[in-house]
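Please look over the chain shown here before reading the notes on its fold, its core and the confidence of the prediction.

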Amino acid sequence: MVILRQFFSNPVLISALSAWGLAQFLKIPIYYAISRHWDWDLLRSAGGMPSSHSALMVSATLSAGLHVGFDSPTFALAVAITMIVTYDAAGIRRQAGFQAEKINKLIAELFAGEPLSEDILKEVIGHTPRQVFVGIILGLLVAWVIWLLW
């Protein structure tokens with residue numbers, strides 16, 4: 001019982017998880033607005049608008065700064081990890097998605113008519129810089145609102 005109370009009284013964790021959950025949920029109506037198709041699998045997928053990775057990390061980072069101080073080692077560590085996560089989301093994972101797309105096209109061309117396997121690589125595993133930016137803004141807003149409410 002003590003563990004659950006501590007878990008739900010941690011404003012940094014609540015802020016981070018709230019930003020992540022909101023970002024994952026927002027992917028569905030944003031995708032619908034673009035494609036006119038509901039895709040509920042987006043709730044559990046990586047990639048897409050907004051970046052839930054960026055929202056989670058930026059919200060945790062700002063919340064840590066607001067609650068323990070911007071001069072704390074905790075905030076410094078959170079900034080460093082956030083920089084790595086957002087760089088990875090918009091850089092490395094996005095490039096891996098481009099490679100998956102090209103490999104899938106190559107396989108389709110090579111085996112047109114008689115594919116050896118229907119397994120395709122996941123192409124949306126990274127984020128565009130705009131998706132990361134929107135995730136950052138969402139994370140900042142969620143952390144600030146939870147800090148104000150706390």
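Mean pLDDT for the protein chain is 84, with 89% of its residues at 70 or more. Among the elements of the chain, two helices mark the ends of the range, as the table shows.

| Element | Residues | Mean pLDDT |
|---|---|---|
| helix α3 (highest) | residues 52-68 | 95 |
| helix α5 (lowest) | residues 92-110 | 74 |

Where pLDDT is low, predicted coordinates should not be read in detail.

The protein chain has six helices and zero strands, and its pattern along the sequence is α-α-α-α-α-α. Of the 150 residues in the chain, 33% are buried. The accessible surface of the protein chain is about 9700 Å², and carbon and sulfur atoms account for 69% of that surface. Among contacts in the chain with a separation of 6 or more, 70% are between residues 24 or more positions apart.

Which residues form the largest nonpolar core? This core has seven residues: Ile14, Ala19, Ala23, Ala55, Leu138, Val142 and Ile146. Two helices, α2 (11-35) and α6 (129-149), each supply at least two residues of the core.

One of the core residues is Ala23. Leaving aside residues up to four places away in sequence, Ala23 touches Pro50, Ser51, Ser52, Ala55 and Leu138. Of these contacts of Ala23, Ala55 and Leu138 are also listed in the largest nonpolar core.

Terms used: Residues numbered from 1 in each chain as written. Predicted model: local features only at pLDDT ≥ 70, side-chain atom pairs only at ≥ 80, totals over all residues. Heavy atoms only, no water. Core = buried A, V, L, I, M, F, W, Y, C linked by side-chain atoms within 4.5 Å. Buried < 20%, exposed > 50% of the residue type's maximum accessible area, 1.4 Å probe, protein only. Helix = DSSP H or I, 4+ residues; strand = E, 2+ residues; numbered from the N terminus. Contact = heavy atoms within 4.5 Å. pLDDT = per-residue confidence, 0-100. Areas by Shrake-Rupley, 256 points an atom, 1.4 Å probe, with all protein chains shown as cover.
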